[in-house]
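Please open the model in your viewer and keep the selection panel at hand. The tour below goes from one selection to the next and says what is there.

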Amino acid sequence: MGSLRPLLLLLAFLGSLFLSCDSFSYDEVTALVAIKEAIYEDPLSFLSGWSTLDKNPCGWRGVICYQDHVQILNLTKFSLRGFLSPELGKLTFLQQLILRNNTFVGTIPQQIGMLKNLTVLDLSSNQLSGPIPPEIGGLTNITKINLHSNGLSGSIPKELGNLMNLVELNLDRNKFRGSIPGKTWSSFSSDNHRRFASHMNATGFCQSSQLKNADFSYNFFVGSIPQCLKYLPRSSFQGNCFHDEYSILQRSAQQCAGVQPIKPPSRSIIRQPTWLFGLEIVTGAFLFCFIIVAVMRAIKSCKPKSSAIIPWKKTSSGKDQTALSIDGELLKDVPRLSRQELEVACEDFSNIIGSSHDSIVYKGTMKDGPEIAVISLCISEELWTNCLELCFQTEVIDLARLNHENTSKLLGYCKEGNPFTRMLVFEYASNGTLYEHLHYVEDCQFSWTRRMRIAIGIARGLRYMHTELEPPFTISELNSSSVYLTEDFSPKLVDFESWKMMLTKSEKNSGIICNGGTYHGLPEALERRHMDMQSNIFAFGVLLLEIISGRPPYCKDKGCVVDWAAQYLEQPEMMCHLVDPGLRYFNHDNLRIVCEVVGLCIQPNPSKRPSMQILTSMLENGIDTSATADLKESPLAWAELALSS
């Protein structure tokens, strides 16, 4: 019996080890399941395989393990909607937490501060709110924090300045207030165009000697930009409420109204004699008057500091306008073309392919070969205001951001005074508009598969503009006339109608913008455009109906296509009535998916319309647009193929 005792003790010890290992693994599994349970919408069923019945989560989608521990959790673009579970804190071996481009709501749980091995935290492009937990300042190994494009608020915790290994920080496009933490009390020394301060004499981000990239733009930060951060591009601070010479493109006074620096609470209150209080009031009043007089004299004597200034002039109404300015650096990368070379390219502006009372569209060919579409704005110099000039320049900047196979590329702009000229130059799609092919072209019937390819191409273009651009970009009037087709019938989204919106909005807001002094921000029309994605999604649903039915969005005889289609969309056995009668073949499964997408797009409540990311995934995953798709749906095509082989 005595000889068995050591053996029993050894077995007990080994058993405890196995129990300990099983228990720890179980903690990670339950943590992942808790994360899944906090997600209430998983439209693409990406997390369907996450189950407690499986004791090894390393095969789960989005989970990457090393040495039997979860080290990477990457749920990028899973179209998830839900909350961030506090159980995240139990994944103590986690090194990368990447949840960008979903719809997570609520606050960031403070338990993330327990992930001491974390090097990458990416929660960007969600709908998170509330402050940044100061516990994140304890993640000493972290090198990248990306929280852009959420609804986060409050001030930046000073604890983030303790992250000595932080290389990249993106806090842009949130609702942060207060000042950016960072002060120094010692001189700086230059090193590779970067200024570093002694850690002993610095606070906040001035301690972050490894920080190479940071973006604080489009929040509500106030005060001054820390001197130690001015090695960053000026665009990293635009769209805030700063008041120093380094800042550019700040928010308007109306947007910054009521935004004040967050002041620390006073530690003690010292009482003082009444006579001293009165003396302070009198002195303060004199000082205030002195400052007012000095400021007024300075305003009269100083000229606006800007790299590009629109000259002062009088409008046709005789009302004076104050000079406006825009940062010329933003236009430096957009090619500026002369009127003469465009006149040669467009055959003396005789090749007109479209027109309205606001603009004329010409087709041309440049000397080096590419075909172009040139939009010339129809407005006289007498009616051209400073506000319109600002709108034109910001429109050029906005359009120049587009770079996708399903969006038309801006090739340049033309701005001349004699004769007065404002033009936008795009690449030309040689097959005209989708509207022309669906409603005007005879004997050019699109097959079902070609229509599906066009629909998916449009969806991909919208997905790019809505989810991959910051800020998002939307088409001002999305319809079949804004879809141009290339030689191989690939769709290109073009925003030729955007100028109408600019013109209307600038006229409405001209009193606000033009009479308020030098303006360093984008017009409200552009800001509205960046947030008008739900209107694009509704228009995309209407466009899908137009593609499958061949009916225009509205006509006097047949009314609105949405009203007509409503009777068929919810009845699978009736959906075939939506198909263009000119089509001999169509795919029933494709039709069901398209109708499902249309139903989601045209919901009356905009908040219930899914994102283009979800809608595009539904079309891509459910519709076959391969080269054999036409053959599968057409017996005649199979016969032709057999005869030719």
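At roughly what angle do the axes of helix 10 and helix 11 cross, and within what distance do they come? Select residues 533-549 for helix 10 and residues 561-569 for helix 11: their axes come within 11 Å and cross at roughly 75°, the axes being lines fitted to C-alpha atoms over the stretch in contact, with angles running from 0 to 180 degrees between N-to-C directions. Helix 10 is therefore roughly perpendicular to helix 11, a term for angles of 65 to 115 degrees. To see the contact (heavy atoms within 4.5 Å), show V542, L545 and S549 of helix 10 together with V561, V562, W564, A565 and L569 of helix 11. By class, this contact has seven nonpolar residues, one polar residue and no charged residues, where Ala, Val, Leu, Ile, Met, Phe, Trp, Tyr, Cys and Pro count as nonpolar, Asp, Glu, Lys and Arg as charged, and the others, Gly among them, as polar.

Before going further, note that this is a predicted model, in which local features need pLDDT of at least 70 and side-chain atom pairs count only at pLDDT 80 or more, while totals for chains, interfaces and linings use all residues. Residues are numbered from 1 along each chain as its sequence is written, and side-chain values use heavy atoms, with hydrogens and water left out.

Now show the whole protein, whose secondary structure comes to 15 helices and 26 strands; these are DSSP runs, numbered from the N terminus, of H or I with at least four residues for helices and of E with at least two for strands. Of its 645 residues, 46% count as buried, meaning under 20% relative accessible area with a 1.4 Å probe, protein chains only.

Next, select I458, which lies in helix 7 (residues 448-468) and counts as buried at 1% relative accessibility. Leaving aside neighbours within four places in sequence, I458 is in contact with L434, V483, P491, L493, F540, L543 and I547.

Finally, turn to the aromatic pairs, of which the structure holds 16; rings of Phe, Tyr and Trp (its six-membered ring) pair if their centres lie within 6.5 Å, and planes under 30 degrees apart count as stacked, over 60 as edge-to-face and the rest as tilted. Select F176 and F221, a stacked pair with 6.2 Å centre to centre and 15° between the planes; both F176 and F221 are buried. The rings of F205 and F216 have centres 5.8 Å apart and planes at 55°, so this pair is tilted.

Terms used. Buried means under 20% relative accessible area, exposed over 50%, partly exposed in between (1.4 Å probe, protein chains only). Angles under 35 degrees count as roughly parallel, over 145 as roughly antiparallel, 65 to 115 as roughly perpendicular and the rest as oblique.
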